[in-house]
Amino acid sequence: MKTFTTLVAATAIAACALPALAQTKPAGQPLAAFQADRAEQMLAKLDANKDGKLSKTEFEAMRQKKPDAAKAQGAKAGRGERLWGRLDADKDGFLSRTELQAMAGKRFKRMDADGDGVLTSAERQAAAGKAKAAM
Ligand SMILES: [Ca+2]
Ligand SMILES: [Ca+2]
């Protein structure tokens, strides 16, 4: 019986060790994954003509659909223009996947409270709470 108990204990230890090994990736979402996800989500939602990039019209459609979000960002006359100017880095009149990822990266840095390059669910919730408070 003693042997059995030892065996169970050893198995339990091994079972605990496994998830620890799998955790070479920290809990939460790393920057690159966040950027890729965001860009894909925005394209999936906003790229009306499915050309893989956002035209200004497609991008503005989002802002008009979400007036609260635009307000939270402090939308004023001309703000959309300046925002677009910053986002369209190569000034081709479209937001490419790369440009959307750059935008997501900036957002990530604002949300990553402890700056460790990983967005935890707590940091996401805090950011969501702030957005609500701004409204
Ligand atoms: Ca561009
Ligand atoms: Ca973090």
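Predicted model: local features only at pLDDT ≥ 70, side-chain atom pairs only at ≥ 80, totals over all residues.
## Helices and strands of the chain

Read along the sequence, they follow the pattern α-β-α-β-α-α-α-β-α-β-α.

The chain has 135 residues, and 10% of them count as buried. Contacts between residues at least 6 apart in sequence can also be sorted by separation: 62% of these join residues at least 24 apart.

## Helix H6

Helix H6 covers residues 97-111, which is 15 residues. From its first C-alpha to its last it reaches 21 Å, close to the 21 Å expected at 1.5 Å a residue. Which residues of H6 are buried? They are Leu100, Gln101, Ala104 and Phe108. Seen down the axis of H6, these buried residues fall within an arc of 100 degrees, so they line one face of the helix.

The face of H6 turned away from the buried side carries the exposed residues Lys106, Lys109 and Arg110. On the buried side, the residues pack against helix H2 (31-46), strand E3 (94-95) and strand E4 (118-119).

## Helix H2

Helix H2 has 16 residues. Its reach from first C-alpha to last is 22 Å, close to the 22 Å expected at 1.5 Å a residue. The buried residues of H2 are Phe34, Gln35, Ala39 and Met42. Viewed down the axis of H2, they fall within an arc of 125 degrees, so they line one face of the helix.

Turned away from that buried side is a face of H2 with the exposed residues Gln41 and Ala44. What covers the buried residues of H2 includes strand E1 (29-30), H6 and E4.

Another residue of helix H2 is Glu40. Glu40 counts as partly exposed because it has 14 C-beta neighbours inside 10 Å, and a residue is called partly exposed when its count falls between the exposed limit of 12 or fewer and the buried limit of 20 or more. Glu40 and Gly52 are twelve residues apart along the chain, and their C-alpha atoms are separated by 9.4 Å.

## Where H2 and H6 meet

How do the axes of H2 and H6 cross, and at roughly what angle? The two axes come within 8 Å and cross at roughly 125 degrees. That angle makes H2 oblique to H6. The crossing of the two helices is right-handed.

On the H2 side, the residues that meet H6 are Leu31, Phe34, Gln35, Ala36, Arg38, Ala39, Met42 and Leu43. On the H6 side, the residues that meet H2 are Arg97, Leu100, Gln101, Ala104, Gly105 and Phe108. Among the H2 residues in this meeting are Phe34, Gln35, Ala39 and Met42, which are the buried residues of H2. Among the H6 residues in it are Leu100, Gln101, Ala104 and Phe108, which are the buried residues of H6.

## Two lysines with positive phi

Most residues other than glycine have a negative phi. Lys50 has a phi near 55 degrees, a positive value in a residue other than glycine. Lys50 is placed in the loop between H2 and strand E2 (54-55). Is Lys50 buried or exposed? Lys50 counts as exposed, because it has 8 C-beta neighbours inside 10 Å.

Lys91 is not a glycine, yet has a positive phi of about 55 degrees. Lys91 lies in the loop between helix H5 (79-87) and E3. With 8 C-beta neighbours inside 10 Å, Lys91 counts as exposed.

Gly93 lies in the loop between H5 and E3. Gly93 is exposed, because 10 other C-beta atoms lie within 10 Å. Not counting residues up to four places away in sequence, Gly93 touches Lys56 and Asp88. Gly93 and Leu54 are 39 residues apart in sequence, and 8.7 Å apart in space from C-alpha to C-alpha.

Ala61 lies in helix H3 (residues 56-65). Ala61 counts as partly exposed, because it has 15 C-beta neighbours inside 10 Å. Ala61 and Leu46 are 15 residues apart in sequence, while their C-alpha atoms are 7.7 Å apart in space.

Conventions
Residues numbered from 1 in each chain as written. Chains lettered and ligands numbered in written order. Helix = DSSP H or I, 4+ residues; strand = E, 2+ residues; numbered from the N terminus. Expected span 1.5 Å × (residues − 1). Arc of directions from axis to C-beta. Contact = placed C-beta atoms within 7 Å. Axes fitted to C-alpha atoms, helices over the stretch in contact; angles between N-to-C directions. Parallel < 35°, antiparallel > 145°, perpendicular 65-115°, else oblique. Left-handed = near helix turned anticlockwise from the far one by under 90°.
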